[in-house]
Every structure is written in C-alpha cells, then in structure tokens.
Amino acid sequence: MIEIVNRKANYDYQILETIEAGLVLKGTEIKSIRDGKANLKDSYAIVKNNEVFILNMHISQYKEGNVFNHEETRTRKLLLNKKEIFKLRDSIVLNGYTLIPLKLYFKNNKVKILIGIAKGKKNYDKRESIKQRDIDREVKKQYKNLNLK
C-alpha cells in the first residue's frame, strides 16, 4: 500500500485536528503517485473562493507520459464538503492556523490526502519534541533489552 508522509509536519507544527479530502488529479499524476514519486514537504493548503487548494505539492512526471505529462508543482483542488470548507476557513481566519498536508494515500482506489489544522511551533517547542523523542527511543530500547533476556 502506497503511503506518502510529511515527516516534518509533526516537528514544525502542532496538529490540532485532521480532515480527509479527495484530490483532483490527472492520469499521469495518479501513475506517479502509485510509483511513490510524490513529496509533501513545503506544501500547504489555502481556502480561496470557498474552495480549498493545495500548493507546492511535488508529483514527479510520469516517465512514460510523453506529451500528456503534468506540471510537477501545479496547484491542485481538494474535494471537501461545504461544511468542512467553512470550518477550515474559519480556523484559518479567526485563529490564525495553517493547513498542512500530513499524508497522501490510496483508499478504495482513490487518492486521499490527510490535511491537518496546525499551529506553528516555536524553537523551544521543537527542542521539547526532540527531547521527548529521545526519551521514547530510550524507553523502547530498554524494553527491548528486557524482553531479550
């Protein structure tokens, strides 16, 4: 199962809520995603004219796509309900949050994207995340050593 994850999202942002959305894609984009040739790093979503778009999402060109290939970082539309779009718009405008793509995956042969409503972390928050990750790693290591004995 193909799953493309934005690894920097949890480090740079505090994820408050997630929403699953569909994507409007071209045929060569689908084939490239199936090959695992997509990248969510530095991408974000915006609400414009009551529609949600994702910007800077990189999907490499399909090697056998010739003339019909797509532009790699084009703006892509997300498929959401009106209620969800208004909720996202309000959280951006009123609270100053950001929409960050967290994961790109297939569900019932359709490409879905997991969007997170996020709040940016400060440097001290990032240090705290690193510290917590190191502690978790040590605990797992100790637990593994206990099970081996």
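Glycine 116 counts as buried because its relative accessibility is 0% (buried means under 20% relative accessible area, exposed over 50%, partly exposed in between, with a 1.4 Å probe and protein chains only). This is a predicted model, in which local features need pLDDT of at least 70, side-chain atom pairs count only at pLDDT 80 or more, and totals for chains, interfaces and linings use all residues. Residues are numbered from 1 along each chain as its sequence is written, and side-chain values use heavy atoms, with hydrogens and water left out.

Stay with glycine 116. Its place is in strand β9, residues 110-120. Helices (H or I, at least four residues) and strands (E, at least two) are DSSP runs, numbered from the N terminus. Leaving aside neighbours within four places in sequence, glycine 116 is in contact with Ile15, Glu17, Thr18, Thr98, Leu99, Ile100 and Leu102. Contact here means heavy atoms within 4.5 Å. Valine 93 lies 23 residues away from glycine 116 in sequence. In space, C-alpha to C-alpha, the two are 15 Å apart.

Now the whole chain. It holds 4 helices and 9 strands. From the N terminus on, the order is β-α-β-α-β-β-β-β-β-α-β-β-α. The C-alpha atoms fill a box of roughly 60 × 45 × 25 Å along the principal axes. Of the 149 residues, 34% are buried. Take the contacts between residues at least 6 apart in sequence: 67% of them join residues at least 24 apart.

The surface comes next. The protein chain exposes about 10200 Å², and carbon and sulfur atoms supply 48% of that. These areas come from the Shrake-Rupley method with a 1.4 Å probe; for residues, only the protein chains shown count as cover. There are 32 positive and 18 negative side chains. Lys and Arg count as positive, Asp and Glu as negative; His and the chain ends are not counted. The centres of the two sets lie 2 Å apart, with each charge placed at NZ of Lys, CZ of Arg, CG of Asp or CD of Glu.

Turn to strand β5, residues 51-55. It is largely enclosed by the rest of the structure, because 4 of its 5 residues are buried. Strand β4 (residues 44-48) runs antiparallel to β5, and 5 bridges join them. Two strands pair if DSSP finds at least two bridges between them. Isoleucine 46 stands opposite phenylalanine 53 of β5. The hairpin of β4 and β5 has 2 residues between the strands, and asparagine 49 takes a positive phi near 55° there. β5 also pairs with β7, antiparallel, over 3 bridges. Here isoleucine 54 has arginine 76 of β7 as its bridge partner.

Arginine 74 sits in the loop between β6 (58-59) and β7 (76-79). It counts as buried because its relative accessibility is 18%. Its side chain makes a polar contact with the side chain of glutamate 29, at 2.9 Å. A polar contact is a pair of N or O atoms within 3.5 Å; within protein, one must be able to donate a hydrogen and the other to accept it, and residues adjacent in sequence count only if both atoms are side-chain atoms.

Last stop: helix α3, residues 82-95, which contains serine 91. This serine is buried, because its relative accessible area is 9%. A polar atom of its side chain lies 2.8 Å from the backbone oxygen of leucine 88. Beyond four places in sequence, serine 91 is in contact with Gly96, Tyr97 and Ile117.
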